[in-house]
Amino acid sequence: MLARIATRTNNPFGKSPEEREAILRDLADVEPLLRATSTVEIDASAPIDEVVQQLEELARTTL
């Protein structure tokens, strides 16, 4: 995530060391809460065909 933030050009947030520390702190605090209440987790950093397959499977089971 920090690598993506460092290379993006359309948003300056996350460039300073303080903002990067805040991002990591928020990630450590918030991500476990989101995971604890979710029913499905999809890793969008996986190859696109895997992400699409997971989304298609999810759509089939929830429709």
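Let me begin with a term: by contact I mean heavy atoms within 4.5 Å. What we have here is a predicted model, in which local features need pLDDT of at least 70 and side-chain atom pairs count only at pLDDT 80 or more, while totals for chains, interfaces and linings use all residues. Residues are numbered from 1 along each chain as its sequence is written, and side-chain values use heavy atoms, with hydrogens and water left out.

First, the chain as a whole. The chain has 3 helices and 0 strands, where helices (H or I, at least four residues) and strands (E, at least two) are DSSP runs numbered from the N terminus. Its C-alpha trace spans about 45 × 25 × 15 Å along the principal axes, and buried residues, meaning those under 20% relative accessible area with a 1.4 Å probe and protein chains only, make up 10% of the 63 residues.

Now to R8, which sits in the loop between α1 (2-7) and α2 (17-37). What is R8 in contact with, once its neighbours within four places in sequence are left aside? The answer is F13 and K15.

R8 is buried and yet has no salt bridge, a salt bridge being a side-chain nitrogen of Lys or Arg within 4 Å of a carboxyl oxygen of Asp or Glu. The nearest side chain of opposite charge to R8 is that of E19, which is 7.2 Å away, with Lys and Arg counted as positive, Asp and Glu as negative, and His and the chain ends not counted.

Notes:
Buried < 20%, exposed > 50% of the residue type's maximum accessible area, 1.4 Å probe, protein only.
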